[in-house]
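Please look over the sequence and the model first. The briefing that follows takes the chain topic by topic, in plain terms.

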Amino acid sequence: MKKILLISMFLIVSLQIFAQSVKLEGVVSSADDGQTLPGVTILEKGTNNGTVTDIDGYYKITVSPEATLQFSYVGMESQEVQILGRSKIDIALI
């Protein structure tokens with residue numbers, strides 16, 4: 001009986017953890033010429049969770065619903081963006 005209760009509690013906690021994440025995607029480009037930027041670093045602020053854009057400037061990341069993303073690229077100004085319930089964020093770096 002204790003094992004069933006313990007397993008049940010573990011499953012409930014696991015479901016809550018998975019329900020508290022947001023899958024986010026987008027494209028990062030240059031504000032100057034509109035070209036997509038490969039190799040842009042995207043981090044969830046305050047965590048080690050991050051990703052890098054692919055050769056087409058595309059990224060995917062799973063973050064918490066209250067997350068702020070930090071976009072950085074060599075030679076351009078870093079930007080921070082709150083996700084505010086969005087599932088897609090395209091951004092142009094200056």
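Val27 has Tyr58 as its bridge partner in β4. That bridge belongs to a predicted model, in which β1 and β4 pair in the antiparallel sense over 6 bridges.

**Strand β4 and its two faces**

- In a regular strand the side chains alternate between the two faces of the sheet.
- The covered face of β4 consists of Tyr59, Ile61 and Val63.
- The uncovered face of β4 consists of Tyr58, Lys60 and Thr62.
- Tyr58, the bridge partner of Val27, therefore belongs to the uncovered face, as the side chains in a regular strand alternate between the two faces of the sheet.

**The nonpolar core**

- The largest nonpolar core has 18 residues.
- Val28, Tyr59, Leu69, Phe71, Ile83 and Leu93 have the most contacts inside this core.
- At least two residues of this core come from each of β1 (22-30), β4, β5 (68-72) and β7 (91-93).
- Tyr59 touches residues in several stretches of the sequence, including Leu24, Val28, Ile42, Thr51, Leu69, Phe71 and Ile89, when residues up to four places away are not counted.

**The aromatic pair**

- How many aromatic pairs are there? The count comes to 1.
- Tyr59 and Phe71 form this pair, which is edge-to-face, with 5.8 Å centre to centre and 75° between the planes.
- Tyr59 lies in strand β4 and Phe71 in strand β5, so the pair ties together parts that are 12 residues apart in sequence.
- Are Tyr59 and Phe71 buried or exposed? Both Tyr59 and Phe71 are buried.

**Thr53, between β3 and β4**

- Thr53 sits in the loop between β3 (50-52) and β4 (58-63).
- The relative accessibility of Thr53 is 5%, so Thr53 counts as buried.
- A polar atom of the Thr53 side chain lies 2.7 Å from the backbone oxygen of Leu37.
- A polar atom of the Thr53 side chain also lies 2.9 Å from the backbone nitrogen of Gly39.
- Leaving out residues up to four places away in sequence, Thr53 touches Val28, Leu37, Pro38, Gly39, Val40, Ile42, Tyr58 and Tyr59.

**Val52, in β3**

- Val52 is part of strand β3.
- Val52 touches Gly39, Val40 and Tyr58, with residues up to four places away in sequence not counted.
- The C-alpha atoms of Val52 and Phe71 are 9.4 Å apart, and these residues are 19 residues apart along the chain.

**Thr68, in β5**

- Thr68 is found in strand β5.
- Is Thr68 buried or exposed? With 16% relative accessibility, Thr68 counts as buried, because buried means under 20%.
- Beyond its neighbours within four places in sequence, Thr68 is in contact with Leu43, Glu44, Lys45, Glu80, Val81 and Gln82.

**Two exposed loop residues**

- Ser78 belongs to the loop between β5 and β6 (79-82).
- Ser78 has 54% relative accessibility and so counts as exposed.
- Apart from neighbours within four places in sequence, Ser78 is in contact with Phe71 and Ser72.
- Ser78 and Thr41 are 37 residues apart along the chain, and their C-alpha atoms are separated by 9.6 Å.
- Leu84 is located in the loop between β6 and β7.
- Leu84 is exposed, with a relative accessible area of 65%.
- Most residues other than glycine have a negative phi.
- Leu84 is not a glycine, yet its phi is positive, at about 45°.

**The chain as a whole**

- The protein chain has 1 helix and 7 strands.
- In sequence order, these elements follow the pattern α-β-β-β-β-β-β-β.
- The chain has 94 residues, and 28% of them count as buried.
- Among contacts with a separation of 6 or more, 50% join residues 24 or more positions apart.
- The chain exposes about 6600 Å², and carbon and sulfur atoms supply 59% of that area.

Conventions. Residues are numbered from 1 along each chain as its sequence is written. This is a predicted model: local features need pLDDT of at least 70, side-chain atom pairs count only at pLDDT 80 or more; totals for chains, interfaces and linings use all residues. Side-chain values use heavy atoms; hydrogens and water are left out. Helices (H or I, at least four residues) and strands (E, at least two) are DSSP runs, numbered from the N terminus. Buried means under 20% relative accessible area, exposed over 50%, partly exposed in between (1.4 Å probe, protein chains only). A polar contact is a pair of N or O atoms within 3.5 Å; within protein, one must be able to donate a hydrogen and the other to accept it, and residues adjacent in sequence count only if both atoms are side-chain atoms. Contact means heavy atoms within 4.5 Å. A nonpolar core is a set of buried Ala, Val, Leu, Ile, Met, Phe, Trp, Tyr and Cys residues joined through side-chain atoms within 4.5 Å. Accessible areas come from the Shrake-Rupley method with a 1.4 Å probe; for residues, only the protein chains shown count as cover. Two strands pair if DSSP finds at least two bridges between them. Rings of Phe, Tyr and Trp (its six-membered ring) pair if their centres lie within 6.5 Å; planes under 30 degrees apart count as stacked, over 60 as edge-to-face and the rest as tilted.
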